[in-house]
Amino acid sequence: MSDLAAFSRSPAEGDARPLASVLRRVASVTLPVFTVVAVIVLIWYLAAAGMNRAWTLDQAGRRGLELTVGEVIADTLNQDRPVLPTPHQVFTELWNTTLGEPVMRERRGELQGNPRNLVFHAYHTLAPTLMGFLIGTFLGVLLAVGIVHNRAMSMSVMPWAIASQTIPILAIAPIIVVVVSNLPALNAAVDNGMISEEMILSIPKALISSYLSFFPVVVGMVAGLRSPNATDLDLMRTYAASRYQTFWKLRLPASIPFLFTSLKVSIAAALVGTIVAELPTGARFGLGARLLTGSYYGQTIQIWSALFMSAICAATLVVMLGVIEKLVLKRMGQP
Amino acid sequence: MARRSRWRVSILPALRRGPWYEYVRHRWLRSNRWLVPPVIRAAIVGLAFLADWRLGVFFLVWFAPWAVNAALSDRRTIGAGVVVPMIFGVTLLGLWELVVQLYEISPIILPAPSAIWARITGATDILWADFRQTVLKGALAGYVIGCGAAFLTALAVDRSGFLQRGLVPVGNFMAALPIVGTAPILVMWFGFGWPSKAAVVVAMVFFPMLVNCIQGLKVTDQTQRDLMHTYAARYDQILLKLRLPAAMPFVFNGLKVCTTLALIGAIVAEFFGSPTVGMGFRIKIEMGRLSMDMVWAEIAVAALGGSGFYGLVAFIERRMTFWHPSQRQG
């Protein structure tokens, strides 16, 4: 029993003061990050005060008021349409437009999504993002399998896959919208009621985000599927394993860590793709649409809150993938 | 054995009577295995012809160059690395042209490559003006400023391990964010001209570049640094003669990633307001007028510019980091 206890004891508990050493380790990771974030927030407040000062002084001058330095600073931090909103304004707006608004509202006797709620917009961006991510991942894995198994494919497709990423996606976004909305098959499906109008609007977004997200998967999976070394492959040969068996039992398991690393990159890229796709296509709902309307009407706080919402979405998606990665690798018996 | 289908159970034993079956099967497969894929391809082409002759032509045009590519890449011909992708690209363009012509697709939906080429040669002056505005002014200025600032920041925090440990996670986080979203804000701040586009590009390239530079400056190992200490080298000497050269592969990796980001940033920013010249502006306007050949012409120019930019950085990398294992040939 005592042997078992000694075996399961972690190195930290071996210290004289276990709690202190754990705390020190946590602090050495978090403290620098917090310091950097604090410095950024400080610079932000200073910049807000500096950039909004002109407007405050202009307004005061028109009314013939003399303001003290304190009053000027207080005003610069709480304007309605500041040049640069302060962090607390952005967070108040975020709070009000997520928890302060109902997600659904009654309209013409129907319960519909409430466009005043940022969660509603986030949903309209996240749904195509996930769809595009799935399409992109599927295509990317397929392409990588082909590239690894077929020399002709590896030589002809890989250079073009790289070249495809130098095309600015924003440029192809309107084209995809035009092509998709003119596809006879899709229009027939809408008429038959097989897919809703909303789906038609999200398909171009999903395609664009899949265009951005397939590339990291291809690169990562090609590296992953080629990662088994010569000894492993030779072992499979001595078992007289077919290519099919080598793929399922050696190459695919070896590529999983590579797959997750590239999935984290590709889901962030997919989100960028969806947001960018919403800009030129005149989308009414979605975080990109929110950015666009904010920029049309000079609602800077709205722009910044949409920006933070998209940041939160990106972070959540990446963290979720990280958790899935940990679970999968643990089940596969890897540390 | 028990799971075999009825077909195999009932037919195959009948065929297998006598040794001739095994003999023919083995003989044929051993000598003619390479025939299997062409037979499958021929079957696909034949079926397609039966269904719709245009589909048959499509598959014929697809498989013919593919067979050439397969032969070229299997025999490891010299120069195949250039020829094979070229054949593939030309085939794709040919198929595109073929589909548009055969199925009579409206030029509003998808113009043919020949129409796009006609537009490129016809509107060279407009395309050049747009290219100069977006790429040479907006993207390039932002790229140089952003990457330069990131490099200098990495050098500035180099001596503080504390700041590095803080900046790397924050930088990684920022690099994953949709920074393109700051475009409307920056256009508001810096106006419609090219400086606002450069500012968007700076915001987009800064963090990926910073993270790469900080990681690059850390790659030297203890023995190498110890060696420099035994030479009594100063901080700046170690930096110049050991750590900066060692960091170059990482720096160039960042520079390559940033080329694409720079172009995207500059074009996206033009959607939020621009003078009446620029690639993003032109795409927006010509989309409204439904002249898709002009939109495609702009895309072709953007793709060429982007590939050229990437290729240039990759070329410089090859010349400067020729010593690194990743650059070895063969």
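Trainee: Among contacts in chain B between residues at least 6 apart in sequence, what share joins residues at least 24 apart?
Mentor: Keep in mind that this is a predicted model. Chain B is built from 14 helices and zero strands. Of its contacts between residues at least 6 apart, the share that links residues at least 24 apart is 73%.

Trainee: What percentage of the residues in chain B is buried?
Mentor: The cut-off here is 20 or more other C-beta atoms within 10 Å. Chain B has 330 residues, and the buried part of them comes to 33%.

Trainee: Which residues of α13(B) are buried?
Mentor: Apply that cut-off of 20 or more other C-beta atoms within 10 Å to α13, which covers 279-288 of chain B. The buried set is B:M279, B:G280, B:F281, B:R282, B:I283 and B:M287.

Trainee: Is B:L290 buried or exposed?
Mentor: Count its surroundings: B:L290 has 12 C-beta neighbours inside 10 Å. A residue with 12 or fewer falls in the exposed class. So B:L290 counts as exposed.

Trainee: And B:A232, which has a positive phi too: where is it found?
Mentor: B:A232 is a residue other than glycine with phi near 60 degrees. With 7 C-beta neighbours inside 10 Å, B:A232 counts as exposed. Its place is the loop between α11 (222-230) and α12 of chain B.

Trainee: How far apart are the C-alpha centres of domain 1 and domain 2 of chain B?
Mentor: The domain assignment gives domain 1 as 20-105 and domain 2 as 119-327. Their C-alpha centres lie apart by 40 Å.

Trainee: What about the C-alpha centres of domain 1 and domain 2 in chain A: how far apart do they lie?
Mentor: In chain A, the assignment puts domain 1 at 15-84 and domain 2 at 104-331. The distance between those two C-alpha centres is 36 Å.

Trainee: How many residues does chain B bring to the contact with chain A, and how many of them are nonpolar?
Mentor: Chain A supplies 44 residues and chain B supplies 50. On the chain B side, the helices giving at least two residues each include α4 (53-74), α5 (80-102) and α12 (235-270). That side also has eleven polar and four charged residues, while the nonpolar ones number 35.

Trainee: What ipTM and pTM does the model score?
Mentor: Start with the chains: chain B has a mean pLDDT of 82, with 87% of its residues at 70 or more. Chain A averages 81, and 91% of its residues score at least 70. For the model, the scores are ipTM 0.73 and pTM 0.79.

Trainee: Leaving aside neighbours within four places in sequence, which residues is A:M51 in contact with?
Mentor: A:M51 sits in helix α2 (residues 18-63) of chain A, and it is partly exposed because 14 other C-beta atoms lie within 10 Å. A:P85 is 34 residues away in sequence, but 9.6 Å away in space, C-alpha to C-alpha. The contacts of A:M51 are A:V83 and A:L84.

Trainee: How far apart in space are A:N96 and A:G113, C-alpha to C-alpha?
Mentor: A:N96 lies in helix α4 (residues 87-98) of chain A. It counts as partly exposed because it has 14 C-beta neighbours inside 10 Å. A:G113 is 17 residues from A:N96 in sequence, and the C-alpha to C-alpha distance is 16 Å.

Terms used:
Residues are numbered from 1 along each chain as its sequence is written. Chains are lettered from A and ligands numbered from 1 in the order in which they are written. This is a predicted model: local features need pLDDT of at least 70, side-chain atom pairs count only at pLDDT 80 or more; totals for chains, interfaces and linings use all residues. pLDDT is the predictor's confidence in each residue, from 0 to 100. Two residues are in contact if their C-beta atoms, placed from the backbone, lie within 7 Å. Helices (H or I, at least four residues) and strands (E, at least two) are DSSP runs, numbered from the N terminus. Ala, Val, Leu, Ile, Met, Phe, Trp, Tyr, Cys and Pro count as nonpolar, Asp, Glu, Lys and Arg as charged, and the others, Gly among them, as polar. Domain bounds come from an automatic or database domain assignment.
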